[in-house]
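Please go through the features of this structure with me, one at a time. I would like the general idea of each feature before the particular case.

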Amino acid sequence: MKQLYIAGNWKMHKTVAESVALAKDLVAKLGASGQKVMIAPAFTALASVAAVVKGTKIRLGAQNMGPEEQGAHTGEVSVLMLKDLGVSTVILGHSERRHSYKEDDGLINKKVLLALKHGIEPILCVGETLEEREAGRLESVIGTQVREGLKGVDAAVLAKLVIAYEPVWAIGTGKTATPQDADAVHAYIRKVLAGLYGEGPAKSMCIQYGGSVKADNAKELMGMANIDGALVGGASLKAETFVPIVEF
Ligand code: PGA
């Protein structure tokens, strides 16, 4: 069976103490897991969680970062600061960033290139709204987000990047795309990638699915040919709900 990449996005939840407690619990329960696992706590808890996961198989992720290395950018966190803490992955272009904070493809692309430059693995999130899907614009929206997000990304570093398909209407709503629907979009993303980089790189790209992934739908979703893992929000906030997704 293929190795899956399961990532937990803790969003704006948990104090430092709560984050450390969950990270310790996950290290204890997932230490021997064969899957690739990442957790992304809030910025404020990164340093403390870094100390917990250091030397374990759990990767440390950030939920966002600024588009510049340093400078007068009030409120931003830079790639250099993340690197300094031992962060190995950064979630970029999450739909909450795109929609609530108006991040556009150009800005997200800048962050993707910066993360790659510094050896941090970007998880580039793409996804359509319900309105876009119902208007028949699914492929054009996803295609644009993938092409623009990857602008300037060299074929040689493509394997260092992950794509997460997260239909906006399925995030935090309890609604999931059917495994078949999700797989079809993943296949479409591979088609776009094949057009940009060729069949080989498109086939080996890791594409996660996100949007109300739970223990009871993980098996079916992860069994689909084009789905290589999950980006989990709500269910990643407790070991009881996250561990069964990793070990479905
Ligand atoms: P959810 O969030 O699992 O709570 O739907 C997924 C995400 O936003 O990454």
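This is a predicted model: local features need pLDDT of at least 70, side-chain atom pairs count only at pLDDT 80 or more; totals for chains, interfaces and linings use all residues.

Q: How many residues does the largest nonpolar core have, and which have the most contacts inside it?
A: In soluble globular proteins, nonpolar side chains tend to be buried together. A nonpolar core is a set of buried Ala, Val, Leu, Ile, Met, Phe, Trp, Tyr and Cys residues joined through side-chain atoms within 4.5 Å. Buried means under 20% relative accessible area, exposed over 50%, and partly exposed in between (1.4 Å probe, protein chains only). Here the largest core has 73 residues, and Leu-26, Leu-150, Ile-163, Ile-189 and Leu-193 have the most contacts inside it. Helix α8 (residues 179–197) gives the largest share of this core, eight residues. Helices (H or I, at least four residues) and strands (E, at least two) are DSSP runs, numbered from the N terminus. A second, separate core has 11 residues, including Tyr-5, Ile-123, Ala-164 and Leu-231.

Q: Which residues is Ile-163 in contact with, leaving aside its neighbours within four places in sequence?
A: Contact means heavy atoms within 4.5 Å. With those neighbours left aside, Ile-163 is in contact with Leu-124, Val-126, Val-146, Leu-150, Ile-189, Leu-193, Met-205, Cys-206, Ile-207 and Gln-208.

Q: Which residues come nearest to the ligand?
A: A residue is near a molecule or strand if one of its heavy atoms lies within 4 Å of it. There are 13 residues around the ligand, and Lys-11, His-94, Glu-166, Gly-172 and Ser-212 come nearest. The shell divides into four nonpolar, seven polar and two charged residues. In this division Ala, Val, Leu, Ile, Met, Phe, Trp, Tyr, Cys and Pro count as nonpolar, Asp, Glu, Lys and Arg as charged, and the others, Gly among them, as polar.

Q: Where do N or O atoms of Glu-166, Gly-172 and Gly-233 lie relative to oxygen atoms of the ligand?
A: A polar contact is a pair of N or O atoms within 3.5 Å; within protein, one must be able to donate a hydrogen and the other to accept it, and residues adjacent in sequence count only if both atoms are side-chain atoms. An N or O atom in the side chain of Glu-166 is 2.6 Å from a ligand oxygen. For Gly-172 a backbone N or O atom lies 2.6 Å from an oxygen atom of the ligand, and for Gly-233 a backbone N or O atom lies 2.9 Å from one. The protein covers 96% of the 280 Å² of accessible area that the ligand has on its own. Accessible areas come from the Shrake-Rupley method with a 1.4 Å probe; for residues, only the protein chains shown count as cover.

Q: Is Thr-89 buried or exposed?
A: Thr-89 counts as buried because its relative accessibility is 0%. Thr-89 is found in strand β4 (residues 89–92). The side chain of Thr-89 makes polar contacts with the side chains of Arg-59 (3.3 Å) and Glu-121 (2.8 Å).

Q: Is Ile-120 buried or exposed?
A: Ile-120 is buried, at 2% relative accessibility. Its place is in the loop between α5 (105–117) and β5. Beyond four places in sequence, the contacts of Ile-120 include Val-79, Leu-82, Val-87 and Thr-89.

Q: Is Ala-17 buried or exposed?
A: Ala-17, in helix α1 (residues 16–30), counts as exposed because its relative accessibility is 59%.

Q: What phi does Lys-14 have, and what phi does Ser-212 have?
A: Most residues other than glycine have a negative phi, and most peptide bonds are trans. Lys-14 has a positive phi of about 80 degrees although it is not a glycine. Lys-14 sits in the loop between β1 (5–9) and α1 and is partly exposed at 26%. Ser-212, also not a glycine, has a positive phi of about 55 degrees. The place of Ser-212 is in the loop between β7 (206–210) and α10 (215–222), and Ser-212 is buried at 10% relative accessible area.

Terms used:
Residues are numbered from 1 along each chain as its sequence is written. Side-chain values use heavy atoms; hydrogens and water are left out.
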